[in-house]
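Hello,

Here is the structure we talked about. Please open it and follow along with the notes below.

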Number of protein chains: 2
Amino acid sequence: MSEPLKIAVAGLGTVGAGLVRLISERSEDLEIRAGRAIEITAVSARDRTAERGIDIAPYAWHDDPLHLAVLDDIDVVVELIGGSDGIAKTLTEAAFENGKHVVTANKALVAHHGLGLAHKAEAAGVSFSYEAAVAGGIPIIKSLREGLAGNSLHRVYGILNGTCNYILTAMSEQGREFEDVLAECQKLGYAEADPSFDIDGIDAAHKLAILASVAFGGEVNFDAVHVEGIRHISPMDMQFAEELGYRIKLLGIASIRADGLEQRVHPCMVPVDTPIAHVSGSLNAVVADGDFVGTIVQEGPGAGAGPTASAVAADIIDIARGLRVPTFGVPAGQLKAIAPVPMQRHTGAYYIRLMVVDKPGVLADITAVLRDHAVSMESVLQRTRDPGEPVPVVMTVHEAEEASMTGALEEIAAIGAIVETPRMIRIESL
Amino acid sequence: MSEPLKIAVAGLGTVGAGLVRLISERSEDLEIRAGRAIEITAVSARDRTAERGIDIAPYAWHDDPLHLAVLDDIDVVVELIGGSDGIAKTLTEAAFENGKHVVTANKALVAHHGLGLAHKAEAAGVSFSYEAAVAGGIPIIKSLREGLAGNSLHRVYGILNGTCNYILTAMSEQGREFEDVLAECQKLGYAEADPSFDIDGIDAAHKLAILASVAFGGEVNFDAVHVEGIRHISPMDMQFAEELGYRIKLLGIASIRADGLEQRVHPCMVPVDTPIAHVSGSLNAVVADGDFVGTIVQEGPGAGAGPTASAVAADIIDIARGLRVPTFGVPAGQLKAIAPVPMQRHTGAYYIRLMVVDKPGVLADITAVLRDHAVSMESVLQRTRDPGEPVPVVMTVHEAEEASMTGALEEIAAIGAIVETPRMIRIESL
């Protein structure tokens, strides 16, 4: 039996504590599976004395996480500090320079600096692993990079942020307002005090950029992701979605088109009979479409100590077993720089809700604008008439180009009888 | 760049032809992903001249598949012949003896001889890979063996036979009889002329035994799987299931209990709000429950040329990349011989349908038998009364031991007013 694989853990928050627990509780079984013992030998965190429900006395303590990168007896540095820059990046680079593998759960780091770090890991002959960075416990990186490696994938999409999905599910099932559910999430610790990363779609965009790179063999290109969050979703839109046969989900969608790579994160109306419509609460799901395999759907917990520790552990076991795959599935130098398709060139169907003060001729004005932008209406819904009060007018339109749609909406917003900013939600047939 | 990986393919049916197509169409990309070229150099099949939609002229032809095992320039033998014994087994063993890796889609072979073959592969220092043997294109073996390797899994279950799921879906959605849908399947080529392997649950049992071994680190034990098929499922039971809030699915379920390993394949009533209830048509799905990760669901096409070729290709790419994992996740000598739990010790809820000639006192007789066997009734449903004609009486019972339930059913069957064999379908809460 080989030498033990020695691990240093930087960051002992929920996930770090979960990983320590996993490795100590399951050490015997891990040794059998990996063919060698897996031992945590050093740790670092902000506060040595914090209560974490684990005993860190057996591990060498380092106040400075950067020390972990230079320890002689360490094979793998597990980076659980977070943040796209700063100490997480410095530590990762220092670990590579010292010939150590890095396992991380840090989606921001991989999304922003994945390509450069992949080059550095390759030059050092070590692994840079990040299964935990995307979709928590779902082994989606391994599935795309290895399990579906025989395919040309043309689309990958999913529910990538559990907080948003929890909020949208609660809004849909309980008819509640966004702000109300968000406040509850913050109280329960499901959402951060500053929830912007989650609810504005940035976290999902980090994950999507990573998925797209692995799925299509392209350079990670986070800056090219079109990002919208869920702040403007209202119970009224939820209700109209239901009536039209849809659910509203925040999706990340990456697809290969003839003219390049489209990457977008925004609320979508998805048909109620698709698997993705039924992924509820804080669950995540990822769907991959390939030429030979067809469509594969994976669903599971997208966050939390246990699922994330499971993913980190899988990466560690791979390293212990000696399994090495290029960071994004192909050598860093052979990743393609796929041209990004700007959102204005996206085509799709749309749901539009206008708040209209009912005056003669308003609908004629609206439809004229749509016609002028070559946008073809599919259905229109005007429930109540309340003279003097604004009422919702809901339209769905057939496939149109985003540029036409946004142009039309700008003009429509300027019509006198339209009293609020028009709401637009894209319809995905999937 | 390393030497090309050289492949011999034995068996050129749908899957074999699909694999040849995948490897030739995608050769450039595979070479980038694998870090070396992947080349088919030799093939063997029953009929050299059969029309397969592929050109086999570039490959050395061998009438005898066993020749593939001794070719000097071959690294991997792909066994797509099928059957648990005979030529498939002989070829696999011969390949190992000659130091060649084997990739197979043959579930019967792995279920019956997996342990012995794993020992032989290990002794020869080669891989024995079978991703395509379970759930077609879903990379479930890799997910369990690597992606979830940090977990102690306690249950794995799923829809493992696409033919059965197609039949049950059509029966449920169209109210049709089993025999009618089966005949259609046979006409369309979805079911074999002798459909027994599929519809009697044997194919699903093969796959379940393999999944259980990988999930729990135990020796494959196909003989211990309790197997029932779907021949006796009727539209009437489908309809009652719907009314009770269930769908009927053929599931394979393997779970670890305090007293050992339970493995069973049989029709189940599953709550309509579970993901598994919505897996329709010929799709497969596998669910794994782990201590750290929670529940992971994977869904996709369970058969067909493309999906199966995708899985075979993934195994080949792993070999080309130099990734080696023990056949069932732990070295063959360390697989546990987990005690099988006989089906009579299973506990669960049950649906029972009796055809009863309505006579005073019949229900009293039935309930007395249940009471005597300590089986507690949850609900009873008797729709129509038609004097002289048998009418269905449907009952659901609370959690009971299988032995009690079967004992009770035997006695109930002997009651004079019961005119057909009582039908029993197990209810899984999942």
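Start with B:Ala374. This residue is exposed, with 11 other C-beta atoms within 10 Å. (Buried means 20 or more other C-beta atoms within 10 Å of a residue's own, exposed 12 or fewer, partly exposed in between; C-beta atoms are placed from the backbone.) B:Ala374 is not a glycine, yet its phi is positive, about 60°. Most residues other than glycine have a negative phi.

A:Ala135 also has a positive phi, near 60°. A:Ala135 is buried, with 32 other C-beta atoms within 10 Å. Look for A:Ala135 in the loop between β6 (128-129) and α5 (140-147) of chain A. (Helices are DSSP runs of H or I, at least four residues; strands are runs of E, at least two; both are numbered from the N terminus.)

A word on the source: this is a predicted model, where local features need pLDDT of at least 70, side-chain atom pairs count only at pLDDT 80 or more, and totals for chains, interfaces and linings use all residues. Residues are numbered from 1 along each chain as its sequence is written, while chains are lettered from A and ligands numbered from 1 in the order in which they are written.

Next, helix α4 of chain B. α4(B) bends by about 85° at B:His113. (The bend is the angle between axes fitted to the seven residues ending there and the seven starting there.) Buried residues of α4(B) include B:His113 and B:Gly114. Just after α4(B), B:Gly125 has a positive phi of about 70°.

Best wishes
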